[in-house]
Structure formats: C-alpha cells, structure tokens
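Colleague: Could you walk me through this model and tell me what stands behind each term you use?
Modeller: Gladly, here it is.

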Amino acid sequence: MRDLFDRILENKGPLGKWASQAEGYFVFPKLEGPISNRMKFQGKDVITWSINDYLGLANLPEIKKIDGEAAAEYGAAYPMGARMMSGHTDYHEQLQDELADFVQKESAYLLNFGYQGMVSTIDALVSKDDIIVYDVDSHACIIDGVRLHMGKRFTFKHNDIESLEKNLERATKMAEQTGGGILVISEGVFGMRGEQGKLKEIVALKEKYQFRLFVDDAHGFGTLGKTGAGAGEEQGVQDGIDVYFATFAKSMASIGAFIAADKEIIDYLKYNLRSQMFAKSLPMIYVKGALKRLDMLRTMPELKAKLWENVNALQNGLTSRGFNIGDTNSCVTPVYLNGSIPEAMALVKDLRENHGIFCSIVVYPVIPKGLILLRMIPTATHTLEDIDETLEAFSAIRERLENGTYKKLSAAVAAAMGE
C-alpha cells in the first residue's frame, strides 16, 4: 500500500512546484506600513495595486477610532460561543437589518468569513435531488461549495447565456425526474477578469425556466450601483437575485460577510448554516466596525466617486497605450500579456525593484498557459500621480517582454524547473 504522503512529496502542485523560487517574493510577500496607496515591500516604497481596500476605509482615522474603542470595550473575544448558543447580540441584529436595507432585501444574516460562508450557504440551499448550474469561472469558494453537493451539477461557459440556457434545459429535465429544484450561481463581478456577471440576462431567463439565483457580489458591493448596493443594482435586477452574498473584506476593509434574501429564506439558513451553527460568533470588534463602515458607504458617496475617478484614469490610460485589459466593466483592472511563468517572474521583479510598482501576478493554472495577467485594484486612496508613474512603468516592462529581455533573464529559472 502507498503512503498517503508519497503523492504530496512527489508532486507539489502547479503552483507549489515554484515555491523555492517564488515564496516570500512572488507569493506570500510581506507588505508593510499603513494600508494605503503606497506601502513598503522589502524596505522599498512601492505603489500598491494589490489591496482590495476599494473605498480607502482601512486606514481612515474615524475607522481606526471605532475599531480601537470596540477593542477597548469588548476585547477580542466577546461574544463567546456560536450565535445560536451564546454569541448573539443586539448589535449583530442591527448590522443585519442595516445590511438588508442597504442591498434592498427583506432580511440578512452575518457570516464569519466570506469563503466559509459561501461554501456553507450552497450546502444549505440544496438537497441531493436539486441541480446546480454555475459559471465555469466562479471563485474557488463557489467551486468548493458545489463540491459538497451530492446531486447533479453543470457548468456553463463564462458569461455565455446560450451555454447557460442549454444547461438549464438539461437541468430542467433532470429536476423533473428527481423532483428537485435548480440553483443558478454567478458572480456580480468576476474577481480576476473584472467582468460583471450577466445578471440582467440571467434574471430574464426566469420567465422561461424555473430556478433560483444566488449571486456572489464580493467585488460589486460598495463599488457598483447608484447607492453602492452592487452589480444587481447596477444592472437594475436586484429584485431578481434570490440570495445575495457579499463580504466585508473588500469595500468594507474588514473581516466578515453576509447573505441577504427574503425573510423566510434567511430564517431557514440561520438554522441550517453549519459554518455558523458550529463556529464562534463574529467578534464585536468587527460588528461595531462594520456598522461604522456601512454608515460611511451610505453617507459618503464621494468615496465611491473618487474610486471611479481613479478607475477610469487607470483603465483609459492603459487602453490608450495599447494594453489589453479584457472586458472589465468594474474596478478590477486586469492587464493581459503574453509570456511564460519564468518571464512573468522576471517582469514582476523588474516592476517592483526598478519601478516601485507592486501588483499581483496571475499565471497558469488560474489562466491559460502562455498568458500573464497583472491584476490591479484601484482604490480611492490612489492619486493621479500614482497612475501616471504606473503607466510609464508598464510601457517599459512591455517593451522588455516583447524584445526578449525577460526571456533571457528567466532562462536559468526555467532550466532549473525543467520548463
């Protein structure tokens, strides 16, 4: 019999095999200093494009004051225990009510973490007789939630409504046999590509097919829509979203998440979400902090206005210089380049060491082989000077990528890895 660890020792995985070259620099890097548009990386000042602090709340004095006061009053532990047992408070209820109102739903329920909450919500919404139909480019938390499903599931091509309809036809026939229902899952904004999910077109299919729609709007909440209620509001179909999910880890610059839906659905979920029933309640520090952050989302539209001023300046600047930013129609700004993983490493090192630009690098297996994706997150804290410096740096690195400079620099790394 084979030792369980043999596979792990022999195959580190598509990303793990690069650990000796990448860890501490390309992956698991350490950004230091106050969360802002400029931070320190390995002792050097860099313009940061990898922080999901969309509205720039993380380091605001009024936010830090509330967080500090909550920590001083309650400590890090209160309330102790799961919500159902001993971890429930008036402030948890208040935050839920305000979140529901903000995203135009009847009711909401707090989650300790977005990833954990998404997995558990999918698990609670479906039984073995139900069928899940989800976008093939869905976030890992959705994929892991779907993996728990003991019934049938289908993927549809990314944002492809024709593919979705074909799979809905298959799902409908199967549901008629099993006696179950259909859950369609999409994202409000796809975090790598920056494309909004085609929620308007998906909702329109409800007239023809009987299904419920679950939307992960982690990147849309606070950034899209007239009030910031997200991609559904932006596209005018918030009412058509049956279960709405968002996290505090992006626009709210904190920890936690929530789901929102009709009251009867939330009442069911709060008694059946295993990740919440058997886990400690969200600490008061984050609850009180989230109330303040939500109030700022509601009352300070200038934060979102500044964010979009920067988004437009960056994205227009990139496209005017001939860069491919795909079909993004959100704040997420991808820059697509052609090259290998070793070339991507050389490129990013040049950006950080010689240009003072820190942005995330995405390579295979997240995207196809031969592509490099530089994923940028503009925030309200960035300046036009930051954007101009970044555009100049990107022009320089593209030239070096195209003339083979990075290929030469990366040859030794590629040889060592057998690429």
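This is a predicted model: local features need pLDDT of at least 70, side-chain atom pairs count only at pLDDT 80 or more; totals for chains, interfaces and linings use all residues.

Modeller: Residues are numbered from 1 along each chain as its sequence is written, and side-chain values use heavy atoms, with hydrogens and water left out.

Colleague: What makes strand 9 and strand 10 a pair?
Modeller: Two strands pair if DSSP finds at least two bridges between them. Strand 9 (residues 243–247) and strand 10 (residues 257–261) have four bridges, in the antiparallel sense, so they meet the definition. The strands themselves are DSSP runs of E, at least two residues, and helices are runs of H or I, at least four residues, both numbered from the N terminus.

Colleague: Which order do the strands of the seven-stranded sheet follow, and why do strand 4 and strand 6 count as edges?
Modeller: The order in this open sheet is 4-10-9-8-7-5-6, with mixed pairing. Strand 4 (107–111) and strand 6 (153–156) each have a single partner strand, so one side of each lacks a neighbour in the sheet. From one strand to the next, the twist averages 20°.

Colleague: How do you know that helix 5 lies across this sheet, and at what angle to strand 8?
Modeller: Contact means heavy atoms within 4.5 Å. Helix 5 (residues 114–125) lies across strand 4, strand 5, strand 7, strand 8, strand 9 and strand 10, and runs at about 170° to strand 8. Axes are lines fitted to C-alpha atoms, for helices over the stretch in contact, and angles run from 0 to 180 degrees between N-to-C directions.

Colleague: What makes up the sheet of four strands?
Modeller: Its order is 1-2-3-12, again open and with mixed pairing; strand 1 (31–32) and strand 12 (357–358) are the edge strands, each pairing on one side only. Strand 1 and strand 2 (residues 38–41) run antiparallel and are joined by two bridges, with Glu32 opposite Lys40. Lys40 also has Asp45 in strand 3 as a bridge partner. Strand 2 and strand 3 form a hairpin with two residues between them, and Gln42 in the turn has a positive phi of about 50°. Strand 3 pairs with strand 12 in the parallel sense over two bridges, where Thr48 stands opposite Phe358.

Colleague: Why is one space called a cavity and another a pocket?
Modeller: On a 1 Å grid over the protein atoms alone, a cavity is a set of points where a 1.4 Å probe fits but cannot get out, while a pocket is an open set with protein on both sides within 12 Å along at least five of seven lines; lining residues have an atom within 4 Å of a point. The search finds one cavity of 30 Å³ or more, and its lining residues include Ile35, Thr48 and His382. The second largest pocket has a volume of about 580 Å³; of its 22 lining residues, Leu125, Ile182, Leu183, Phe211 and Arg212 are the closest to its centre. Helix 5, helix 7 (161–178), strand 7 and helix 10 (263–270) each supply at least two residues of that lining. For both volumes, grid points are joined across faces, edges and corners, and the volume is the space filled by probe spheres set on the points.
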